[in-house]
Number of protein chains: 2
Amino acid sequence: MIRVVVLGSGASVPSVQRNLASVAVRYDGDVYLFDCGEGTQRQMMKYRMSYAKAKAIFISHLDADHYLGIAGLCHTLNLAGRKPEEKLFIYGPRGTARIVEGLRCSYGFVDVRDVGEGGVHRGEGFVVSAFAVKHGNNALGYVFEEDAGRNFDKAKCDKLGIEGIMFRELEQKGEVVAGKGKKVKIGDVTIPKKGRKIVYTGDTMRCEAVVRAAKGADLLIHEGTFGEELKMEAAEKEHATVSDAARAAKEAKVKKLVITHISNRYENTAALLKEARRAFAASEIAHDGLEISI
Amino acid sequence: MIRVVVLGSGASVPSVQRNLASVAVRYDGDVYLFDCGEGTQRQMMKYRMSYAKAKAIFISHLDADHYLGIAGLCHTLNLAGRKPEEKLFIYGPRGTARIVEGLRCSYGFVDVRDVGEGGVHRGEGFVVSAFAVKHGNNALGYVFEEDAGRNFDKAKCDKLGIEGIMFRELEQKGEVVAGKGKKVKIGDVTIPKKGRKIVYTGDTMRCEAVVRAAKGADLLIHEGTFGEELKMEAAEKEHATVSDAARAAKEAKVKKLVITHISNRYENTAALLKEARRAFAASEIAHDGLEISI
């Protein structure tokens with residue numbers, strides 16, 4: 001199970017209800033953060049997402065509300081005795097390394113890299129890649145995509161006499177000699193399995209790149225700072241409306257949409273939810289602590 | 001009334017219960033912060049201490065848990081349209097200006113200055129001065145002290161015929177010709193009034209400088225990271241125990257003591273409170289949102 005928790009669902013300025021941008025993904029026991037606004041370490045404590053297990057942080061762009069929490073998190077990890085070889089990778093667009101230096105995060109375990117479009121982090125069983133979005137000229141979204149795999153098909157296995165130790169042999173060598181002396185290849189008894197896919201936009205106005213990146217995703221986490229009634233302001237500030245996010249989700253045929261980066265002008269989000277679901281039924285408006293399992 | 005709110009009562013690492021160090025003093029409508037740990041702006045929102053009214057921040061020392069909130073607060077003030085002439089003064093020990101630059105806080109309204117012992121900020125009706133404490137070799141405590149004034153003595157005023165417009169004339173010119181043609185000086189009809197005094201230690205082990213600075217204060221806010229059972233650790237890390245803080249309060253004959261910067265090892269502080277009150281009855285263990293009026 002991949003556990004996704006919205007740690008901070010606010011935009012630009014925090015409120016009592018919403019902390020600043022951060023989404024945590026827990027995969028195979030490790031934690032990956034997408035953006036890391038001020039106060040993220042405390043949100044991790046609040047929503048039981050182990051900060052000690054943080055492996056990598058992916059920063060979408062260099063507005064202060066998306067990265068200021070890096071410093072405190074690293075400070076805490078250092079106090080907790082994190083070793084230089086237990087790397088915390090920090091990725092972000094051009095200028096990220098310089099900013100992180102300014103935050104005085106030069107602990108031995110910090111490995112910060114400026115990245116552009118393409119694969120940025122290879123983990124055990126998944127890859128995170130970046131794509132350019134439309135918010136200033138230096139903003140990225142990220143795709144967390146599990147490697148494709150295969151599931152054994154019980155009926156086919158039974159038919160061809162695959163049993164016991166043969167399963168492991170098939171996985172290791174790709175073929176095995178089955179009961180009747182017949183050579184069986186792994187493709188004969190398995191069904192390809194798509195890897196799970198989560199897409200995080202950071203800040204962006206509506207753009208095709210998101211739709212392309214999110215094609216068929218299990219979860220799209222899209223910013224939606226304003227409702228449609230403020231679409232002029234959204235466009236001027238290069239933000240998406242909730243409807244923009246929902247339309248992108250629909251076009252990309254994702255399974256679920258979570259809209260985050262909600263302006264502090266919305267104390268009640270019932271109208272935003274209604275607006276989103278008009279365009280895409282499987283929409284949620286994020287709140288701090290919202291949890292999704294995939 | 002001076003309103004004092006502990007915005008963050010934790011030490012080094014935040015917890016769900018305690019945010020990082022910051023104490024707000026509201027005086028004459030303006031807000032002064034003593035330390036500004038990560039997440040302080042949100043704590044201000046939570047405890048209704050207007051961030052827009054922030055006039056000055058006094059940083060005790062350059063451990064990250066005491067200053068990382070500056071960046072986010074300034075970012076928010078900038079988004080709120082704070083003008084260059086509405087200065088936010090930031091004072092701290094040697095190195096503060098360089099750190100604040102690293103935090104990319106170079107907004108027009110930011111005026112950051114490295115300071116040493118002595119008067120650092122003159123406000124309308126009060127002065128804030130710094131004194132060296134014992135935590136590393138570059139740590140300061142601060143004294144917020146209201147100017148001395150005078151209160152009119154009703155009996156004396158009545159006796160000498162002071163009434164109506166004469167009060168203002170006395171305040172402006174220092175003397176007035178009273179009803180019977182007699183010259184009355186302001187000293188004849190007033191009683192000197194001591195200014196209110198608040199002392200904030202930042203991080204420090206027990207030291208004489210605190211006792212001297214806090215002499216007769218209305219409120220001493222002293223760190224007390226550990227209980228007496230961890231006094232060795234406290235000494236090694238140059239922190240005070242709760243008992244150290246209480247003894248300092250007693251020696252300085254302050255009216256009230258608030259002990260803050262509580263280690264996250266203490267979920268329950270009943271024993272700490274007992275320990276403090278054994279040495280000094282008017283002690284409190286701070287929690288986030290603790291409010292004192294003076």
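This short talk walks through a predicted model with a chain A and a chain B.

Hi everyone! Let's begin where the chains meet. Chain A brings 34 residues to the contact, and chain B brings 34 residues as well. Between them, the two chains bury about 2400 Å², with 56% of that on carbon and sulfur atoms. Which residues of chain A lose the most area to chain B? They are A:Glu38, A:Arg42 and A:Arg104, which together make up 27% of what that side buries.

Keep A:Arg42 in mind, please. There are two salt bridges between chain A and chain B. A:Arg42 makes a salt bridge with B:Asp288, and their closest N and O atoms are 3.8 Å apart. The interface also has 12 residue pairs in polar contact. On the chain A side, helix H1 (40-46), helix H2 (69-79) and helix H3 (96-102) each supply at least two of the residues that touch chain B. Sorted by class, that side of chain A has 12 nonpolar, 14 polar and eight charged residues.

Now over to chain B and its sheet. Seven strands of chain B form an open sheet with mixed pairing, in the order S6-S5-S4-S3-S2-S1-S18.

Let's zoom in on one pair. Strands S2 (residues 22-27) and S3 (residues 30-34) of chain B pair in the antiparallel sense over five bridges. Here B:Ala24 stands opposite B:Leu33 of S3(B). Finally, helix H2 (residues 69-79) of chain B packs on the sheet, and its direction makes about 170° with that of S5(B).

Conventions
Residues numbered from 1 in each chain as written. Chains lettered and ligands numbered in written order. Predicted model: local features only at pLDDT ≥ 70, side-chain atom pairs only at ≥ 80, totals over all residues. Heavy atoms only, no water. Contact = heavy atoms within 4.5 Å. Buried area = accessible area lost by both parts, 1.4 Å probe. Salt bridge = Lys/Arg side-chain N within 4 Å of Asp/Glu carboxyl O. Polar contact = N/O pair within 3.5 Å; in protein donor to acceptor, adjacent residues only side chain to side chain. Helix = DSSP H or I, 4+ residues; strand = E, 2+ residues; numbered from the N terminus. Nonpolar A, V, L, I, M, F, W, Y, C, P; charged D, E, K, R; others polar. Pairing = 2+ DSSP bridges. Axes fitted to C-alpha atoms, helices over the stretch in contact; angles between N-to-C directions.
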